[in-house]
Amino acid sequence: MDMDIHGLTCFRLAYESGSIGKAAKRAYLTRQGFSGALKSVEAEWGHPLFVRGPLGLEPTALAHAVYPKVVEALTAYDEVQRLCAADSRPVETVGLGVAYGALLSLSLDEMVAAFAGEGHRMSLDIDIVEPVLAAQCVAEGGKDLVLVAGSIDAPGTRCVSLCRIPLCAAVHESLLADGRRDVEGLRGITWFGLSETFPLDVSLGAFSRERGLRLAMDYRWHDYHLILDQMRQKRGACIVPARTAERFCQDGIVAIALDDPRLTWEVSAIVPSARPLSRAAGTVLSWLERYLA
């Protein structure tokens, strides 16, 4: 059974908060995103941990039993981080949030290893943040900066463009026209997008018309998690980042290069505009600009 820090943290927040809404707010996730994360923990552990009811979350006997151990594990994890960072000089911590689209677009482990390999005297406190709450997280000081796919305009924050990621189509091979594994194989297929006004979907509509693909655009799923689920259930195609497309290519899913400069998405850093970045956070931002350029 795999246990990751994010999953353990979600369990702890749910147990302590007693409701999905309160726990999601503390984690800077949407209710839907937090609920999905909690269900993933229950699926990994093989047992229900909470009874969902009109009054909130009621922990099961198993949840009551494991909660103290989870607190111990998270406390031990924090202590290990402090010990690993121990040195004669103080280590500054930079809070870095990563929204789902950016997480899919980047090799986060490689990026963190590269940063650590340069000997920076600072620690990265990394958490997953829901895209729609990313700007709020920065504005309220929950994180120093948050990486997102796209550019988000919100009061108290600004976006710094870091790079553009080429995109592919992800689709089950059984849906391809004439079995073709190229753009022509997408002809007439259902395509899951975010909205008619989302810039990437506007560009995709133009691409479809120009290539005569007659894509059937479906905007009913306003969450990228749900869009990916529809694609995996063989109901249509969707966008995935080319850099990490291999993550999706399993169980008959194939990635098809779109090769159009319009069909890219931007990875940006949301930073505060109402207050200055700390010296350490400024160092991390400058490093990200160089690393991802």
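**Entry 1: ground rules.** I call a residue buried under 20% relative accessible area, exposed over 50% and partly exposed in between, using a 1.4 Å probe and protein chains only. The model is predicted, so I noted that local features need pLDDT of at least 70, that side-chain atom pairs count only at pLDDT 80 or more, and that totals for chains, interfaces and linings use all residues. Residues are numbered from 1 along each chain as its sequence is written, and side-chain values use heavy atoms, with hydrogens and water left out.

**Entry 2: glycine 7.** I began with glycine 7, which sits in helix H1. My helices (H or I, at least four residues) and strands (E, at least two) are DSSP runs, numbered from the N terminus. Is glycine 7 buried or exposed? Glycine 7 has a relative accessible area of 7%, so I put it down as buried. I also looked up its separation from arginine 121, which is 114 residues away along the chain: the C-alpha atoms are 28 Å apart.

**Entry 3: H1 against H3.** Next I looked at how H1 packs with other helices. For this I take axes as lines fitted to C-alpha atoms, for helices over the stretch in contact, with angles running from 0 to 180 degrees between N-to-C directions. The axes of H1 and H3 come within 9 Å and cross at roughly 110°. That makes H1 roughly perpendicular to H3; on this scale angles under 35 degrees are roughly parallel, over 145 roughly antiparallel, 65 to 115 roughly perpendicular and the rest oblique. With contact meaning heavy atoms within 4.5 Å, I found His6, Gly7, Leu8, Cys10, Phe11, Leu13 and Ala14 of H1 touching Phe34, Ala37, Leu38, Val41 and Trp45 of H3. Sorted by class, this contact has 10 nonpolar, two polar and no charged residues. Here Ala, Val, Leu, Ile, Met, Phe, Trp, Tyr, Cys and Pro count as nonpolar, Asp, Glu, Lys and Arg as charged, and the others, Gly among them, as polar.

**Entry 4: H1 against H4.** How do the axes of H1 and H4 cross? H1 (residues 5-17) and H4 (residues 61-84) have axes that come within 10 Å and cross at roughly 130°, and the pair is therefore oblique. From H1 I listed Ile5, Leu8, Thr9, Phe11, Arg12, Tyr15 and Glu16, and they meet Ala63, His64, Val66, Tyr67, Val70, Val71, Ala73, Leu74 and Tyr77 of H4. The classes in this contact are 12 nonpolar, two polar and two charged residues.

**Entry 5: H2 against H3.** I then turned to H2 (residues 20-27) and H3 (residues 31-45), whose axes come within 9 Å and cross at roughly 100°. H2 and H3 are therefore roughly perpendicular. Ile20, Gly21, Ala23, Ala24 and Ala27 of H2 make the contact with Arg31, Phe34, Ser35 and Leu38 of H3.

**Entry 6: salt bridges.** I count a salt bridge when a side-chain nitrogen of Lys or Arg lies within 4 Å of a carboxyl oxygen of Asp or Glu. How many salt bridges does this rule give? The count comes to 13. One of my picks joins lysine 143 and aspartate 125, at 3.4 Å from N to O. Lysine 143 is in the loop between helix H7 (134-139) and strand E5 (145-149), and aspartate 125 is in strand E4 (residues 122-129), so the pair ties together parts 18 residues apart in sequence. Lysine 143 is buried at 7%, while aspartate 125 is partly exposed at 36%.

Arginine 181 pairs with glutamate 173, with the closest N and O atoms 2.3 Å apart. Arginine 181 is exposed at 56% and glutamate 173 partly exposed at 34%. I also noted a network of salt bridges that links Arg12, Glu16 and Arg26.

**Entry 7: positive phi.** Last, I checked two aspartates. Aspartate 178 is not a glycine, yet it has a positive phi of about 55°. Aspartate 178 lies in the loop between strand E6 (157-172) and strand E7 (190-192) and is exposed at 77%. Aspartate 259 has a positive phi of about 50°, lies in the loop between strand E10 (253-257) and strand E11 (264-272), and is exposed at 72%.
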